[in-house]
Amino acid sequence: MIRVVLADDQALVRMGLRVLIERETDLTLVGEASDGYEALAVVRRTRPDVVLLDIRMPGPDGLQVLRGISGDPDLAATRVVIVTTFETDEYVLDAVRVGASGFVLKDAEPADLIRAVRAAAAGDALLSPSVTRRLVELVGRRVPGTSADAPPMDTLTERERQIVAWVATGRSNDEIAAELFISPATVRTHVGRAMLKLNARDRAQLVVFAVRAGLTIPRA
């Protein structure tokens, strides 16, 4: 059973998320919060598997709450999915750096949100192509061209660099496997090795690293 906490200052948003979670047999809601202080208290008390976190809240904002979760050794197993509107949340890139496992747009389809929760609980991050494009745009505005602090991509094999470039397009493991005519398990292995070599926490951070390094998909 995946244990979930909701943190959003809008009661209607929390109600909608609550309904979605409670109708899934493998998810259970263990707490809710309407501001940053309450969010940290609930998360520390319940130690959920996944937190759905609004990035703009009264008190400590979502980024501060995320820092509190990521910096607490007792919450090392807790994953955070940011619930956001990319049009206004210009600091989502900082959220990736701090430790967010992924993002869900507030106008996303219900099925996408549930998939994001399950992916985060499994230690992955669900980044749809639309979300990835916005993340890439933010990285491009913050870090034009190849950044001096880009991670050392020369530690990756040619195949791993290729896979990481595909990850940055927002494709899932299955979709990358279909493009490269290999198995999803092989893609998963390459992604895992690349994350380990680059010290990337998750798929979201891998996207940022790929964009910083200027990785692109080889064209035939």
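This is a predicted model: local features need pLDDT of at least 70, side-chain atom pairs count only at pLDDT 80 or more; totals for chains, interfaces and linings use all residues.
Arg118 is partly exposed, with a relative accessible area of 32%, and its side chain meets that of Asp26 in a salt bridge (2.9 Å, N to O). The two residues sit 92 residues apart, Arg118 in helix α5 (residues 110-121) and Asp26 in the loop between α1 (11-22) and β2 (27-33).

**Salt bridges**
- The count of salt bridges comes to 11.
- Arg118 and Asp26 also belong to a network of salt bridges that includes Arg23 and Glu24.
- Asp26 has 26% relative accessibility, so it counts as partly exposed.
- Arg44 pairs with Asp72, with the closest N and O atoms 3.8 Å apart.
- That pair joins helix α2 (residues 36-46) to the loop between α3 (62-70) and β4 (79-84), across 28 residues.
- Arg44 is partly exposed at 43%, whereas Asp72 is buried at 17%.
- Asp74 forms a salt bridge with Arg47, again with closest N and O atoms 3.8 Å apart.
- Because Asp74 lies in the loop between α3 and β4 and Arg47 in the loop between α2 and β3 (50-54), this pair ties together parts 27 residues apart in sequence.
- Asp74 is exposed at 51%, while Arg47 is partly exposed at 47%.

**Helix α10**
- Helix α10 (residues 203-213) is mostly covered, with 10 of its 11 residues buried.
- Among the buried residues are Leu206, Val207, Val208 and Phe209, as well as Arg203 and Arg212.
- Gly214 follows α10 and has a positive phi, near 75 degrees.

**Positive phi outside glycine**
- Phe181 has phi near 60 degrees; Phe181 lies in the loop between α8 (173-180) and α9 (184-198) and is exposed at 77%.
- Asn199 also has phi near 60 degrees; Asn199 sits in the loop between α9 and α10 and is exposed at 65%.

Definitions and conventions: Residues are numbered from 1 along each chain as its sequence is written. Side-chain values use heavy atoms; hydrogens and water are left out. Buried means under 20% relative accessible area, exposed over 50%, partly exposed in between (1.4 Å probe, protein chains only). Helices (H or I, at least four residues) and strands (E, at least two) are DSSP runs, numbered from the N terminus. A salt bridge is a side-chain nitrogen of Lys or Arg within 4 Å of a carboxyl oxygen of Asp or Glu.
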